[in-house]
Amino acid sequence: MATFDRRAFLRTTGLAGLALGLAACGDNGTATSGSSSASGADGFGAVKLQLSWKKNVEFAGEYFADTNGYYKAAGFTQVELLSGGGSGTSVESGLATGRCWAGLSAPTITAPAVLQGAPLKIVGATFQKNPFAIISLSKNPIKEAKDLAGKRIGVQDSNELVWNALLKANGLDASSVTRVPFQSDPSMLTSGQLDGYVGFVTSGPVNLRLQGHDPEYLLLSDAGLPLVAETFTVTQETIDNERDKLKAFLTAEIKGWKDAVADPAKSAELAATVYGKDQNLDVKEQTEEAKMQNELVVTDDVKNNGLFTMTPELIEQNIASLAKAGLNIKAEQLFDLSILDEVYQADPSLKLS
């Protein structure tokens with residue numbers, strides 16, 4: 001690996017975050033984790049986890065891990081949840097500066113940082129399928145990538161990399177689709193200005209349905225561009241020197257996400273009334289989003305292998321998708337799932353029952 005130039009990385013990582021970010025269609029939140037009681041002498045103290053977006057139900061597992069004392073039981077006096085998104089610091093630059101100990105990010109953001117020399121690794125993936133989707137209406141549905149031809153599709157500037165990779169993955173000429181400047185206003189779809197838009201499947205279809213519309217969606221992961229999301233990202237130094245601490249943290253996270261998967265309504269309640277209580281989140285909407293995101297979190301492989309795990313096949317698919325986005329990186333440069341393997345070997349009961 002090339003020598004890591006911290007200053008050069010910090011100068012460019014903000015731009016990378018804007019260009020390659022998830023552009024989540026979420027809501028704001030500024031509450032912090034509340035567990036602060038002291039642990040034993042062999043505890044791990046306090047750490048900061050930076051979220052990929054502002055606090056909503058997307059981070060239900062973290063809320064359960066905090067609320068139900070799993071972080072504390074794992075030996076942490078506190079795991080502070082730092083909001084991400086907007087104009088905030090990216091996870092990757094937060095790790096470089098020590099602002100956070102771990103973060104939730106995505107391969108499309110972490111890979112460029114690694115290619116710039118940042119000593120980072122992805123050690124697990126909450127979402128086995130990225131929430132990115134082409135969202136349309138059933139009266140004019142986009143069910144397959146080939147249906148994009150001749151359509152007007154809203155694409156945010158921050159999603160350009162993923163959009164271009166989708167076209168490449170499906171052999172579509174950019175001139176065959178009319179790309180329309182887009183922020184996040186679904187009324188452009190319902191009013192007929194757009195035939196579809198790139199957005200999050202966890203929020204877009206839910207909001208449209210609550211407004212009385214009949215949405216369709218095509219996950220990019222099911223359209224030739226498989227990518228994971230909400231990936232646990234840490235420094236190589238943490239893997240090398242704090243392995244037990246990292247395993248304890250991931251154990252608490254697994255327990256939190258098992259609870260979140262089992263109880264979407266409680267997930268929504270925690271998001272709307274505790275962690276994002278100042279953001280006017282709608283409990284009904286957040287509940288539906290929680291149900292939708294469970295489909296991205298729990299797959300057949302996850303049922304067999306455990307939450308956050310990635311099969312070798314899924315890792316290679318992600319590497320191939322990144323290459324379509326112009327990010328040529330090797331699996332061993334970006335992923336290290338050995339820590340999770342050790343967690344599940346030590347306690348198989350952590351797997352979903």
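Modeller: Two strands count as paired if DSSP finds at least two bridges between them. Bear in mind that this is a predicted model.

Colleague: In which sense do β1 and β2 pair?

Modeller: Glycine 45 stands opposite phenylalanine 76 in β2. There are 6 bridges between β1 and β2, and the sense of the pairing is parallel.

Colleague: Which residue of β3 is the bridge partner of leucine 49?

Modeller: Strand β1 (residues 45-50) and strand β3 (residues 102-105) run parallel and are joined by 2 bridges. On the β3 side, the partner of leucine 49 is alanine 102.

Colleague: Which strands stand at the edges of the sheet, and why is one side of each left without a neighbour?

Modeller: The sheet is open and mixed in its pairing, with 5 strands in the order β2-β1-β3-β10-β4. Each edge strand has a single partner strand, so one side of it has no neighbour in the sheet. The strands in question are β2 (76-82) and β4 (120-127).

Colleague: What is the average twist from one strand to the next?

Modeller: Across the order β2-β1-β3-β10-β4, the twist from each strand to the next averages 25°.

Colleague: What angle does the direction of helix α5 make with that of β4?

Modeller: Helix α5 (residues 107-115) packs on the sheet and touches β3, β4 and β10 (229-235). Between the directions of α5 and β4 the angle is about 175°.

Colleague: How many residues of α5 are buried?

Modeller: Buried means under 20% relative accessible area. Just after the helix, glycine 117 takes a positive phi of about 110°. Of the 9 residues of α5, the number buried is 8.

Colleague: How is α2 oriented to α10?

Modeller: The axes of helix α2 (residues 60-67) and α10 are 7 Å apart, at an angle of about 110°. Residues in the contact include Gly61 and Phe64 of α2 and Gly256 and Trp257 of α10. The crossing is right-handed. With angles of 65 to 115 degrees counted in this class, α2 is roughly perpendicular to α10.

Colleague: And how are α11 and α12 oriented to each other?

Modeller: Helix α11 (residues 264-275) and helix α12 (residues 283-297) cross at roughly 125°, with axes that come within 8 Å. This crossing is right-handed. Among the residues making the contact are Ala268 and Ala271 of α11 and Thr287 and Ala290 of α12. The two helices are therefore oblique.

Colleague: Is glutamate 160 buried, partly exposed or exposed?

Modeller: Glutamate 160 lies in helix α6 (residues 160-169). Buried would need under 20% relative accessible area and exposed over 50%. At 38%, glutamate 160 is partly exposed.

Colleague: How far apart in space are glutamate 160 and alanine 325?

Modeller: In sequence, glutamate 160 and alanine 325 are 165 residues apart. In space, C-alpha to C-alpha, the distance is 9.7 Å.

Terms used
Residues are numbered from 1 along each chain as its sequence is written. This is a predicted model: local features need pLDDT of at least 70, side-chain atom pairs count only at pLDDT 80 or more; totals for chains, interfaces and linings use all residues. Side-chain values use heavy atoms; hydrogens and water are left out. Helices (H or I, at least four residues) and strands (E, at least two) are DSSP runs, numbered from the N terminus. Axes are lines fitted to C-alpha atoms, for helices over the stretch in contact, and angles run from 0 to 180 degrees between N-to-C directions. Contact means heavy atoms within 4.5 Å. Angles under 35 degrees count as roughly parallel, over 145 as roughly antiparallel, 65 to 115 as roughly perpendicular and the rest as oblique. A crossing is left-handed if the near helix is turned anticlockwise from the far one by less than a right angle, and right-handed if clockwise. Buried means under 20% relative accessible area, exposed over 50%, partly exposed in between (1.4 Å probe, protein chains only).
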